[in-house]
Amino acid sequence: MIPIRLIETEREDFDGPVIELWRDRDFVGFVFFDGESTILQVYPDGEGDVHDLDVNELQTLLDTAVRMVDPDAFNDELDELREAAAAISPAWGNEHPATVALLAEFDPLAVHRSEDGEGFFRRSIAGRFITKAEELDLAVTEMDGFDLEGDTLTPIPDLVFEVADQPMMTWSEFRAFANTSAHNALSTWPSRDTVVVAFVFKQPDDEEIVA
């Protein structure tokens with residue numbers, strides 16, 4: 001089944017952003033906020049038949065779409081994350097709550113840390129890191145691959161990923177673009193046990209964080 005993609009658009013008869021759902025060139029429907037709730041409208045396919053939609057894929061897409069169109073949706077999540085951050089450590093209360101949530105989950109999974117605190121993660125963990133960043137409205141902007149043997153890190157010249165700023169994109173478009181590109185790049189990297197990955201990710205306020 002061809003995956004569905006989200007495209008953020010603006011329409012004259014809507015006050016806020018409209019998220020279109022497309023499967024290849026076939027328009028599936030769109031999501032918008034009507035001032036009180038988030039609405040999904042699904043259209044017949046190009047031949048007038050119904051769309052078969054994978055429930056798990058659709059749920060993930062709709063969670064993302066709600067964050068993009070509902071002005072209060074992510075604020076509620078941020079409040080919950082702030083409370084969780086304060087519970088973990090009062091010192092984390094001033095950090096961006098999405099960053100706190102990401103690092104709280106993945107810091108313990110780092111298999112190596114440099115003297116300045118940079119974390120390195122197994123290749124098998126790296127995909128989960130990118131997926132979680134996307135869920136938390138964070139964008140993975142850099143990845144570097146290394147071989148880790150004992151405590152010795154050796155850079156792998158071909159395993160370098162960096163996404164440039166895209167001034168014409170909204171934050172949600174850039175985040176999705178960056179994380180999709182990171183997943184695609186990672187899928188081509190070798191899966192041998194010695195490969196570890198270092199990450200840099202960006203917050204919605206444009207601050208970059210070394211994991």
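**Notes on the pockets and a helix pair**

1. Let's start with the largest pocket, which holds about 650 Å³ of space. Keep in mind that this is a predicted model.

2. Who lines it? The largest pocket has 26 lining residues, and those nearest its centre are Leu61, Thr64, Glu134, Ala176 and Thr180. Sorted by class, the lining comes out as nine nonpolar, eight polar and nine charged residues.

3. As for where that lining comes from, strand 1 (4-9), helix 1 (55-69), helix 4 and helix 5 (171-187) each put in at least two residues. Helix 5 gives the largest share, with nine residues.

4. Next, the second largest pocket, with a volume of about 160 Å³. Ten residues line it, and Arg67, Met68, Asp137, Ser172 and Arg175 are the closest to its centre. Helix 1 and helix 5 are the elements that give two or more residues to this lining. Its make-up is three nonpolar, three polar and four charged residues.

5. Now the helix pair. Helix 3 (residues 97-106) packs with helix 4 (residues 123-135) at an angle of about 160 degrees, and their axes are 10 Å apart. With that angle, helix 3 is roughly antiparallel to helix 4. The crossing of the two is right-handed.

6. Which residues of helix 3 and helix 4 meet? On the helix 3 side you'll find Leu102, Glu105 and Phe106, and on the helix 4 side Ile125, Arg128, Phe129, Lys132 and Ala133. The residues of this contact divide into five nonpolar and three charged, with no polar ones.

Key. Residues are numbered from 1 along each chain as its sequence is written. This is a predicted model: local features need pLDDT of at least 70, side-chain atom pairs count only at pLDDT 80 or more; totals for chains, interfaces and linings use all residues. Side-chain values use heavy atoms; hydrogens and water are left out. Axes are lines fitted to C-alpha atoms, for helices over the stretch in contact, and angles run from 0 to 180 degrees between N-to-C directions. Helices (H or I, at least four residues) and strands (E, at least two) are DSSP runs, numbered from the N terminus. Angles under 35 degrees count as roughly parallel, over 145 as roughly antiparallel, 65 to 115 as roughly perpendicular and the rest as oblique. A crossing is left-handed if the near helix is turned anticlockwise from the far one by less than a right angle, and right-handed if clockwise. Contact means heavy atoms within 4.5 Å. Ala, Val, Leu, Ile, Met, Phe, Trp, Tyr, Cys and Pro count as nonpolar, Asp, Glu, Lys and Arg as charged, and the others, Gly among them, as polar. On a 1 Å grid over the protein atoms alone, a cavity is a set of points where a 1.4 Å probe fits but cannot get out, and a pocket is an open set with protein on both sides within 12 Å along at least five of seven lines; lining residues have an atom within 4 Å of a point. Grid points are joined across faces, edges and corners, and a volume is the space filled by probe spheres set on the points.
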